[in-house]
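Visitor: Before we look at individual features, could you take me through how to read them, one at a time?

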Amino acid sequence: MSASRALLSNPQAGASPTMARAASRARLAAPSSSIPFAAPRAKPAVLVAEKLGEAGLEVLRQFADVECAYGMSPAELLAKVSQFDALIVRSGTKVTREVLEAGRGRLRVVGRAGVGIDNVDLQAATEAGCLVVNAPTANTVAAAEHGIALLASMARNVSQADAALKAGKWQRTKYVGVSLVGKTLAIMGFGKVGSEVARRAKGLGMHVIAHDPYAPADKARAIGAELVSFEEAVAKADFISLHMPLTPATSKVFNDESFAKMKTGVRIINVARGGVIDEDALVRALDSGKVAQAALDVFTVEPPPKDSKLVLHENVTVTPHLGASTVEAQEGVAIEIAEAVVGALRGELAATAVNAPMVPAEVLSELAPYVSLAEKLGRLAVQLVAGESGIKGVKVVYTSARDPDDLDTRLLRAMVTKGIVEPVSSTFVNLVNADYTAKQRGLRIAEERVSHDNAAAAESPLESIQVRLSNVQSKFAGAISTGGDIVVTGRVKYGIPHLTVVGPYEVDVSLEGNLILCRQIDQPGMIGKVGNILGQRNVNVSFMSVGRTFRGKQAIMAIGVDEEPDKETLEKIGKIPAIEEFVFLEL
């Protein structure tokens, strides 16, 4: 039996399919085999560390022994967690590596009652064999409604006028507001919450534009919104409502530079994540009048400091992270997380799982370099897409000498999805939720297997993996194949993922560190010119490869660099006369 086939099989020889499925579920729900099991119980035990709605508690009590211990200190949580099979938290409890280590051997599931999982150490949870689930859908409407509430109350100075009147001041002329009808609202992040905000804003008579490179265009059109680039969104908007996740790519994306591109007098609403705004830059923009007002429900540090200049600013309306705080949303979140935790304790694979299930070691050992290759190809391909075009379809082509029944590609497909989605999303993609995540984001992922004739190659599971993005615009024309798709292909050489094809060009570069792609006229001295610029700027080159169509025509140069070059360095490269275009890619 091949290692890849073991992904679906039962290690007990002769077991029935039903037994195999049961064993698979048990392996997911249980700790790793190197950790002793706790003594069996009639019922699993669930610790609820933060307030959960009664409807959710009732779901839990039907299956498990439930203890509610609200307001525990970190030390108290460490002392208690080893007695429980599952832990449910909201945003206030930190599930650290220490907590997971304390629960090792017993704790099997952590449930986060809400969307964000910033407070859970996912890596430590995976290492401890602990599944993490969240509740991503129940508070969508509540968050959208709060965004609209902040939009309207900011426009009409409701909170400031209320405070003034309660202080005995009658200041009608001071608090003249602005109308919403006919104004342009830019929604940054067009997922579940963003699209609900768009529906409500249209009802207020606003013109809605949106930026989300992965939102389906037909979904936006159906709501009456227009998908645009980031630059166009911030430049045209009278109001900007933020609904993007906090990722390395979005951290402080609203900074001095982006504020400078906005209309003078723009108004900003944030019910997403505090870290997407550079708060010091926002204070400067408010002081200068570039930003007329801001309405904020979230902050980089929560609660924010009492002397926060942003919170105390007279043109800022604030609420203490109330986006999901409605009676209905709290009940929905409670039920959603309770059902997810109960399902996980039963050994079921939940679509809301946010860390990888346990995979047999022999399968990971064989597929490990291909898993890395698949993710990096997805990550590379998505960075080649022009932001406003979106992704309509993804095709993954596997070339292999093995029989199709002897190669399970689910993990590889999941990793391509992970590479495409994670750089621009707070969603954590794994074998459990990859197909669900792709479907939710409108990604149509097709797979094709191409037979490889070399019988000796059957010792390796794959000869190559190709990722094709169809019906998209590219920020780097050299990545477009003759068929009009963005195409990147890679293979594993000496255990290391390599990029071997970009568009119609053959290259050979290790997918490590960062990558600069240059499309140029094929002529002598190009490697030296680019390398000289990088050397002068103290950017270390790890490898360099050139692929061309015909001598003296066009070529692609792929350059691996250890550090990210600064803007000036990249501009110098772009100004070399023979270079027609270039792009910097993070791997």
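Guide: Let us begin with the naming of elements: helices (H or I, at least four residues) and strands (E, at least two) are DSSP runs, numbered from the N terminus. This is a predicted model, in which local features need pLDDT of at least 70 and side-chain atom pairs count only at pLDDT 80 or more, while totals for chains, interfaces and linings use all residues. Residues are numbered from 1 along each chain as its sequence is written, and side-chain values use heavy atoms, with hydrogens and water left out.

Visitor: Which residues of helix α2 are buried, and what do they pack against?

Guide: The general idea is that an α-helix has 3.6 residues a turn, so residues three or four places apart point the same way. In helix α2 (residues 54–61), the buried residues are Gly56, Leu57 and Leu60. They cover an arc of only 100° around the axis (taken from the directions from the helix axis to the C-beta atoms), which puts them on the same side of α2. With contact meaning heavy atoms within 4.5 Å, the buried residues of α2 pack against β1 (45–48), β2 (65–68), β3 (86–89) and α14 (327–345).

Visitor: At what angle do the axes of α6 and α8 cross?

Guide: Axes are lines fitted to C-alpha atoms, for helices over the stretch in contact, and angles run from 0 to 180 degrees between N-to-C directions. The axes of helix α6 (residues 140–155) and helix α8 (residues 192–203) come within 8 Å and cross at roughly 50°. Angles under 35 degrees count as roughly parallel, over 145 as roughly antiparallel, 65 to 115 as roughly perpendicular and the rest as oblique, and α6 and α8 are therefore oblique to each other.

Visitor: What is His146 in contact with?

Guide: His146 belongs to helix α6 and is buried, with a relative accessible area of 14%. Leaving aside neighbours within four places in sequence, His146 is in contact with Val271, Asp297, Thr319, Leu322 and Gly323.

Notes: Buried means under 20% relative accessible area, exposed over 50%, partly exposed in between (1.4 Å probe, protein chains only).
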